[in-house]
Amino acid sequence: MLSLHIATTPRKRKDGPKIGLAIAGGGPVGAIYELGALRAIDEALDGVRLHHLDIYVGISAGSFIVSSLANHISSADICRTFVGHPGAEHPLKPEDFFMPDFQQYLDTAKRLPSVVSDSLLKIVRDPYHSTLSAIFETLGRSLPAGLFDSEAIELFLRKIYEAAGRTNDFTKLDCTLYVVAVNLDTGDAVRFGDAEHSDVPISKAVQASAALPALYSPVRIGGRYFVDGALRRTLHASAALDEGVDLLIGINPLVPFSSGEDGQSQAGPVPVSRLIRGGLPLILSQTFRALIQSRLKVGFTKYRESHPGSDLVLIEPNPGDEQMFFTNVFSFSSRNALCDHAYRITRQDLLERADEFDRILTKHGMKVNREILADPDRSLQQSLSEGWYGRSSVSRKLSLALDELAHQLKKRAG
């Protein structure tokens, strides 16, 4: 689903347009949707490559993607990593995302005897005024700060970004990268990568941005603790807009599901009771998605007024997309099918809105590649198989060189 906002007072630049990309969070499934959508956009836009933009902004799962793009890792290579493609340079192990935080469990076990004894003493001393809420409040101190440890994620990213030709240092990038997290002590959003927070390794910033409370323990950086950046804003697109981008592409994977009563479900009306039968996880998911998208809509409306010189493009799943909504938010088992689904749906949206999209793109020296979008049988696997020359560093350099050559030839031909 595309939302297009055309600049009311477009800028005139002699040195070419300034283009930004902002990607929201959404857990593993959100990241897989974003990658499928990104791959579709990347090959469908002539005149630009998503791993050679000017500004990147990422929150939570989106921070991993933009940090990789900022390191000139193509959307195809990132997809190969996430979906377990045999050509992945660094194959992803799903279990790395769900490593139990044993240190938290150990600390909790040490505190438990004293917490329980304190609760019992309160009951014995004043049994008539010891309420359940007071007891639960005391016992709450014995719960761990997070179920999972994200250190393995940081190590995985560090290995990728410290490879030859890349960097784990914000200041050594040839573009602007912002990774957004929330300072747990103050509740303020922090942009890692800005002048005040550029000394933090990129991999560590991504780890902090993706630390969803209760699931992942807060990440300690410089004596402070940080959690998921989505707690403050959905997309944090203002970080790119404040830099004066002419075109901003935003991707948000979290939209509330439409049961079909308003005609938006792709598979016909869905019984309303299906959400109730899904229990607390589905109810919380629907609530969270509604809050996320509502906040994003308000933000985009304000951006049109506060940044009239910027064209805005927002890509989201369709509200009636059952496959996106009813897939387990933390599941990797269906990642290939889901990423391919996102790829195909985004291609379809781009083709249907190609004329409108082109009116924005032509101002920035780009256009929609209708020929590649018109192929109804094209799959993500076909896309990922093209331009792959192996997993070795030599093969990777060859792939990058050929990619650059093809891009330059296409620009000259256009």
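**Figure 1. The largest nonpolar core of this predicted model has 79 residues.** The residues with the most contacts inside this core are Tyr-56, Phe-64, Ile-65, Leu-177, Phe-192, Ile-315 and Phe-357. Helix H1, which covers residues 27-44, supplies the largest share of the core, with 10 residues. If you wonder about the general pattern, nonpolar side chains in soluble globular proteins tend to be buried together.

**Figure 2. Here we zoom in on Phe-357 and the residues it touches.** Which residues are in contact with Phe-357, once its neighbours within four places in sequence are left aside? They are Leu-2, Leu-4, Leu-45, Val-313, Leu-350 and Val-368.

**Figure 3. His-197 sits in a loop between strand S8 and helix H7.** Strand S8 spans 189-192, and helix H7 spans 202-209. Is His-197 buried or exposed? His-197 counts as buried because its relative accessibility is 19%, and buried means under 20%. Leaving aside neighbours within four places in sequence, His-197 is in contact with Val-190, Arg-191 and Phe-192.

**Figure 4. Ile-221 belongs to strand S10, residues 219-221.** With a relative accessibility of 13%, Ile-221 counts as buried too. Beyond its neighbours within four places in sequence, Ile-221 is in contact with Phe-192, Val-200, Lys-204, Ala-208 and Phe-226. Take a look at Ala-208: it is 13 residues from Ile-221 in sequence, and the two C-alpha atoms are 8.3 Å apart in space.

Figure 5. A search of the whole structure finds two cavities of 30 Å³ or more. What lines the second largest cavity? Its lining is made of Val-255, Phe-257, Arg-289, Pro-317, Asn-318, Pro-319, Asp-321, Met-324 and Phe-325. Sorted by class, six of these lining residues are nonpolar, one is polar and two are charged.

**Figure 6. Stepping back, the whole chain has 16 helices and 14 strands.** Of its 414 residues, 51% are buried. Among contacts between residues at least 6 apart in sequence, 77% join residues at least 24 apart. The chain exposes about 19,400 Å², and carbon and sulfur atoms supply 57% of that area.

Technical notes. Residues numbered from 1 in each chain as written. Predicted model: local features only at pLDDT ≥ 70, side-chain atom pairs only at ≥ 80, totals over all residues. Heavy atoms only, no water. Core = buried A, V, L, I, M, F, W, Y, C linked by side-chain atoms within 4.5 Å. Buried < 20%, exposed > 50% of the residue type's maximum accessible area, 1.4 Å probe, protein only. Helix = DSSP H or I, 4+ residues; strand = E, 2+ residues; numbered from the N terminus. Contact = heavy atoms within 4.5 Å. 1 Å grid on protein atoms, 1.4 Å probe; cavity = no way out; pocket = protein on both sides within 12 Å on 5 of 7 lines; lining within 4 Å. Points joined across faces, edges and corners; volume = space filled by probe spheres on them. Nonpolar A, V, L, I, M, F, W, Y, C, P; charged D, E, K, R; others polar. Areas by Shrake-Rupley, 256 points an atom, 1.4 Å probe, with all protein chains shown as cover.
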